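Visitor: I would like to learn how to read a few features of a model like this one. Could we take them one at a time?

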Amino acid sequence: MSELIPVCTDEQLSETELAAIDAEIAHVPYRASVAIDALKIVQAQRGWVSDDALQAIARHLKMSAEELDGIATFYNLIFRRPVGDKVILLCDSISCWIKGCDGLTQGVTDLLGVGPGETTPDKAYTLLPITCLGACDKAPVMMVGEELYENVDEQTLHALFGKGQA
Amino acid sequence: MATIHIDGRAYEAEAGENLLQTCLNLGLDLPYFCWHPAMGSIGACRQCAVVQFQNAEDQRGRIVMGCMTPVTEGAIFSLAGDKAQQFRQNIVESLMLNHPHDCPVCAEGGECHLQDMTVMVGHRDRHYRGRKNTHRNQYLGPLINHEMNRCITCYRCTRYYNDYAGGTDLAALASRDHVYFGRHQEGVLQSEFAGNLVEVCPTGVFTDKVLVHDYTRKWDLQSAPSVCVGCAVGCNTMPGERYGKLKRVHNRFNAEVNGYFLCDRGRFGAGFVNSKKNLLYPGLRQPEGTYDALDHHQALLHMQQACTTGKVAGIGSPRASVEANFLLRSLVGAENFSPGFSAHEQPLVMEVLQLQQHTAAVIPDIATIESADAVLILGEDVTNTAPRIALALRQSVRNKALAMAADMGLQPWQDAAIRNLAQDQRNPLYIASVADTPLDDVAEVAISLAPNEIARLGNAVARNIAGEVNELPDEPLRPQVEAIVTMLMSAQRPLIISGTGCGTGTVTAAAAQLANALCAEGKRAMLCLVVPEANSLGQAMLCDADAPDLDQLQHRATSGEFETLMVLENDLYRRGPRFQIDALLAAFNQVLVLDGMDNPTTSLATLALPAANFAESEGTIVSLEGRAQRYYPLFKPPAERRPSWVWLLACLKELTHKDVEALHHFDDITRACANAIPALSGITAAAPDHHFRNLGQKIPRQTHRNSGRTAIGANVSVHEPKQAVDEESPLAYSMEGLNRAPPGALLPFVWAPGWNSNQSLHRFQGEVGGPLKGGTAGVRMLLSGTPSPGVSNYPEKGEPPFLDMPQGLWLLVPRQQIFGSEELSALSPGLCELVEDAYIEICAADAKSLGVSAGDGIVVGDSLATLEVRINDDVAQSCAGFSVGLKGAENLEALHAVSLRPADNWRRRAPTPGSEEVIGSDRALNSEARTRGRARQRPARPQGTVPEGPHV
Ligand code: SF4
Ligand code: SF4
Ligand code: FES
Ligand code: FES
């Protein structure tokens with residue numbers, strides 16, 4: 001039954017995070033309006049948003065944890081589980097699918113040993129599927145960290161993740 | 001009115017109304033999911049699609065959502081057209097992609113709106129061959145079961161829970177086909193109205209957990225029209241029974257009282273009916289303290305003997321029916337009959353009745369409370385004492401939003417648009433109470449004051465409104481007074497709420513004074529006064545103002561006046577400190593107790609008589625708005641249990657009492673009572689008498705499909721039992737009869753062809769969301785807004801002083817709990833897990849000075865109680881809140897001044913994770929749930945005034 005008992009921690013937001021969030025709050029009529037920005041700020045610092053961090057943000061914005069979690073889980077670029085240093089976002093929408101993104105997913109899996117939703121043991125990469133990155137004319141498309149890769153093929157993958165590369 | 005055309009036929013319809021509601025009003029079957037009559041439309045599910053044509057020439061038309069389309073003159077629609085039908089089928093098919101093939105094991109099955117709609121649209125074959133999503137379910141507390149896989153993402157749950165009921169701990173999580181309705185982390189749902197999710201959710205995601213554990217399908221339930229006995233609001237209910245057990249409680253619509261919703265005390269607090277502690281046989285106490293079981297003949301003999309040896313005193317009960325109380329009063333004589341309140345509470349309730357009888361203000365029903373445009377609450381924590389009123393107040397503060405919408409030309413049903421428009425703009429709600437209340441989050445101002453200071457505030461406002469402003473300059477509460485005066489005077493329909501909850505009549509008198517002052521200024525003011533129990537007001541109506549209270553009865557008994565005491569459905573140990581009740585009972589040679597369940601009082605009885613509870617008997621009770629309502633038995637009581645009125649009438653007959661010669665039926669008693677007691681003359685109209693027939697037939701308690709009628713007892717005997725006969729009411733213990741538009745007071749369940757779920761209710765309403773075709777249940781006995789001639793002012797009570805507690809003393813102020821403060825509901829399975837340990841609540845500074853912290857123990861007074869400390873900075877200064885009615889706090893009395901000291905040898909309560917003892921109330925509260933409450937005011941007091949209350 002122990003898993004039914006919510007863990008209570010007094011996780012705090014850091015000074016930097018608080019300052020950044022408060023700067024956003026200054027621009028809006030309701031504190032809750034900055035929910036998305038606050039989540040992004042915290043994620044930028046910590047890589048992802050843990051339950052504790054989420055509760056701390058919710059307290060600061062005077063929202064319930066549920067309200068904020070509804071927002072956090074709506075967006076697929078707010079990570080509610082730990083991710084690797086770099087996130088591989090592999091588009092699997094129509095254009096990229098036509099151009100063979102399935103093979104690319106397999107390619108990444110072969111090279112890094114992780115399937116969609118998984119993180120490499122060295123915490124370097126997390127592979128996530130994503131819908132349309134807005135570069136359909138150069139499909140298939142993939143993002144690694146902040147970097148966008150177009151017309152991706154086996155070579156691209158090898159260059160990025162092949163032995164000796166990653 | 002507008003003329004519209006649907007599938008080639010012309011109909012008259014209300015212009016501006018949405019088409020879905022219009023179709024249902026016209027008796028047309030248009031499927032829907034997300035629209036709800038009390039919550040309006042958002043167009044989320046796309047199920048109510050129809051084709052709308054531009055004009056008579058338009059042959060193609062376009063798909064529109066019925067619930068989002070206003071009726072306009074000359075509009076042309078098609079429900080039956082292929083395009084619309086196909087669209088609706090596709091919608092259901094898409095909802096079915098992830099919906100499990102669960103019906104046989106789903107608690108919703110047989111009363112599922114999704115099943116009904118699937119059949120209605122004619123969808124049959126599923127083409128999808130992929131995998132279905134599977135979700136992990138959450139523990140949501142002991143009352144509500146969660147089975148997320150069944151969700152069709154209609155969003156009704158979050159709209160109800162957050163938007164309508166003001167909850168914050170249920171959300172729509174994730175996106176796309178992963179949407180999940182649940183909590184951030186597992187835990188007890190915090191809203192006092194969470195149970196309505198069971199009826200609001202059109203599928204089996206949220207179901208009644210207590211029912212799920214001991215399940216019966218709706219079609220096998222025997223149901224009866226009943227009234228909640230959880231508090232004085234008197235919500236209408238439809239409990240369901242099978243195998244002699246109460247299985248669940250559903251809402252019974254009453255347009256003027258509960259509408260579509262109950263509180264969780266009402267929905268989950270009736271399980272005590274099945275208690276193992278129920279008395280089944282009369283028990284005669286033996287010298288060694290054990291009880292011998294008797295049959296009813298022997299018991300009656302003993303009753304008769306007891307009544308003929310010496311004088312008898314009677315103690316009635318505000319939780320027993322008017323009829324039972326009336327009979328006991330007839331038996332012992334009015335001057336020897338105490339209504340059964342505590343000695344402290346009796347004058348309070350009596351006075352509330354007088355105030356209401358003499359007020360010029362409107363006494364609002366619950367629906368009318370929703371219409372208020374400014375609300376002042378004086379002292380009453382309605383969420384915990386009369387919960388349904390709190391839900392109504394949450395709607396009243398939205399009138400501003402509705403007004404804004406009307407200005408913009410929006411219809412009241414355009415829910416999402418209106419909420420967007422108004423954001424957090426609300427009508428003013430001003431709360432003055434002894435500590436924080438769950439309504440604080442929608443209050444404009446919430447202020448913590450000692451009870452008499454609340455009265456002082458009310459009086460000052462009243463005087464100011466009446467134009468006697470002279471005292472204000474020195475008034476320390478002046479800013480508050482001025483704010484309230486402005487608020488009330490700029491309102492059209494101001495509402496004043498108060499009650500017995502904070503333990504002093506000064507507050508209720510101030511509320512009434514204030515309401516009258518508003519009326520004198522030409523306002524259509526409303527006055528709502530809350531009393532504690534289901535029939536408190538009925539009991540006040542039955543008894544004279546000088547009826548003896550418990551203390552007086554004890555004095556007279558001690559002086560040797562009485563031989564015997566007869567107690568009706570009342571655990572006296574909840575009516576005063578133990579030593580006092582011990583003394584009261586010891587003053588009589590014989591104590592006869594009629595009650596349903598074993599309790600400390602029955603355990604001391606010389607003769608205990610098993611009395612049927614509300615689910616096994618018929619009775620009339622009077623709600624806080626003065627509405628007399630009747631509840632009917634759901635099933636026949638087992639063994640030698642009998643309704644109290646039967647025991648008492650039989651006893652009176654044995655005694656050949658002259659008043660009861662002509663009384664045979666329950667209805668005869670009601671009539672006799674109405675004739676004898678002017679204040680109760682209306683009760684006969686509460687419901688039709690037992691001669692009533694619905695188009696010539698009785699009204700069935702069972703559905704057409706009720707199974708096992710002849711075999712249900714086959715494990716005991718293979719002989720088919722005779723159907724039980726109900727001679728006392730127009731209802732039948734059978735599926736035979738007619739449940740078509742019966743009088744509202746006699747509606748046992750809702751069902752209509754094609755509509756198996758509770759959504760079939762609209763077939764029983766004259767208009768969707770409007771009163772029942774058979775009329776609204778109950779009769780109002782307090783005529784609002786008609787003050788008795790010559791009574792305009794109440795006896796002047798003098799200005800209550802500011803609280804000035806000597807160092808080291810605290811004023812005990814009552815803190816009610818929705819789960820636990822009411823005696824019987826607290827014993828119900830599921831709900832009992834939410835009953836917390838008794839506590840004492842003080843502010844951090846006081847805790848520091850006492851050297852205690854939260855969770856420590858504190859001794860109250862001279863060992864009156866040793867309770868857990870809670871720290872709450874919202875408790876009024878120099879006051880200590882105590883949990884009313886919880887085990888361990890029995891000896892504490894409101895408004896006594898007590899000392900506090902840290903308890904030695906206190907063991908802090910710390911449930912070990914994983915231990916079996918962990919129950920719902922041990923789980924950490926969702927600390928975020930109430931973060932939106934406004935900061936409370938806690939004004940400083942002037943020094944040097946006189947202390948109030950007796951010191952202990
Ligand atoms: S849980 Fe029920 S009410 Fe909520 S969205 Fe799903 S089906 Fe609708
Ligand atoms: S508000 Fe009172 S009468 Fe209504 S359901 Fe709750 S406890 Fe019962
Ligand atoms: S479909 Fe892949 S980028 Fe648009
Ligand atoms: S009921 Fe109309 S869209 Fe859901």
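**A strand covered on both faces**

Guide: Take strand 25 of chain B, residues 607–610, which is covered on both of its faces: L607(B) and L609(B) are buried on one side, and A608(B) and P610(B) are buried on the other. Keep in mind that this is a predicted model.

Visitor: Why do the residues of strand 25 of chain B fall on one side and the other?

Guide: The general idea is that side chains in a regular strand alternate between the two faces of the sheet. In this case L607(B) and L609(B) share one side, while A608(B) and P610(B) take the other.

Visitor: Which way does strand 14 of chain B run relative to strand 25 of chain B, parallel or antiparallel?

Guide: Strand 14, residues 283–285 of chain B, runs antiparallel to strand 25 of chain B, and two bridges join them. Within strand 25 of chain B, A608(B) is the residue opposite G283(B).

Visitor: How many bridges join strand 24 of chain B to strand 25 of chain B?

Guide: Four bridges join them, and strand 24, residues 590–595 of chain B, runs parallel to strand 25 of chain B. L594(B) has L609(B) as its bridge partner in strand 25 of chain B.

Visitor: Now a loop residue. Where does V660(B) lie, and is V660(B) buried or exposed?

Guide: V660(B) sits in the loop between helix 22 (644–654) and helix 23 (666–676) of chain B. V660(B) counts as buried because its relative accessible area is 3%, and the cut-off for buried is under 20%.

Visitor: Which residues does V660(B) touch, leaving out those up to four places away in sequence?

Guide: V660(B) touches L649(B), L652(B) and K653(B). A separate reading compares sequence with space: S330(B) is 330 residues away from V660(B) along the chain, yet their C-alpha atoms are 9.1 Å apart.

Visitor: Next, the ligands. Which residues come nearest to ligand 1?

Guide: The shell around ligand 1 has 13 residues, of which C151(B), C154(B), Y155(B), C157(B) and C201(B) come nearest. By class, this shell has 10 nonpolar, two polar and one charged residues.

Visitor: What surrounds ligand 2?

Guide: Its surroundings include C228(B), C231(B), C235(B), C263(B), R265(B) and R388(B). Helix 7 (264–268) and helix 13 (387–396) of chain B are the elements that give two or more residues to this shell. The classes around ligand 2 are six nonpolar, three polar and two charged.

Visitor: How is chain B divided by the domain assignment?

Guide: The assignment gives domain 1 (2–95), domain 2 (283–343 + 538–687), domain 3 (361–524) and domain 4 (810–909). Taken over C-alpha atoms, the centres of domain 1 and domain 4 of chain B are separated by 56 Å.

Key. Residues numbered from 1 in each chain as written. Chains lettered and ligands numbered in written order. Predicted model: local features only at pLDDT ≥ 70, side-chain atom pairs only at ≥ 80, totals over all residues. Heavy atoms only, no water. Near = heavy atom within 4 Å. Nonpolar A, V, L, I, M, F, W, Y, C, P; charged D, E, K, R; others polar. Domains from an automatic or database assignment. Buried < 20%, exposed > 50% of the residue type's maximum accessible area, 1.4 Å probe, protein only. Contact = heavy atoms within 4.5 Å. Pairing = 2+ DSSP bridges.
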